[in-house]
Amino acid sequence: MDDNHWPSEWQRGVLDLCVLHILADGPTYGYSIAARLTDAGFADVKGGTLYPLLKRLEGAGLVDVEWRPRG
């Protein structure tokens, strides 16, 4: 096992909680969330994982999501 990354089963189990922890610090961008997750030892979290997760958290009423076009 690579010492810098968690096993994928662990990541799936705690990813929602880790994202909520990051968002507790205040509003941020998806790219920043992914970078902080990588810094915490997660394997590269792709947008195809992160953005549906944010949508689920929004649907559960746990976060407010604001989508902005790149500018």
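Which residues in H2 meet which residues in H3? The views below take that up, along with the core.

**View 1. The whole chain is three helices and zero strands.** This is a predicted model, where local features need pLDDT of at least 70, side-chain atom pairs count only at pLDDT 80 or more, and totals for chains, interfaces and linings use all residues. Residues are numbered from 1 along each chain as its sequence is written, and side-chain values use heavy atoms, with hydrogens and water left out. Helices here are DSSP runs (H or I, at least four residues), as are strands (E, at least two), numbered from the N terminus.

**View 2. Helix H2 (residues 30–39) packs against helix H3 (residues 47–59) at an angle of about 110°.** Their axes, lines fitted to C-alpha atoms over the stretch in contact, with angles running from 0 to 180 degrees between N-to-C directions, sit 11 Å apart. That makes H2 roughly perpendicular to H3 (65 to 115 degrees counts as such).

**View 3. Here is where H2 and H3 meet.** Gly30, Tyr31, Ile33 and Ala34 in H2 meet Leu50, Tyr51 and Leu54 in H3; contact means heavy atoms within 4.5 Å.

**View 4. Now look at the largest nonpolar core, with its 13 residues.** Such a core is a set of buried Ala, Val, Leu, Ile, Met, Phe, Trp, Tyr and Cys residues joined through side-chain atoms within 4.5 Å, buried being under 20% relative accessible area with a 1.4 Å probe, protein chains only. Leu15, Val19, Ile33, Leu37, Val45 and Leu50 touch the most other members. Helix H1 (8–23), H2 and H3 each supply at least two residues, and H3 gives the most, with four.

Conventions
Parallel < 35°, antiparallel > 145°, perpendicular 65-115°, else oblique. Buried < 20%, exposed > 50% of the residue type's maximum accessible area, 1.4 Å probe, protein only.
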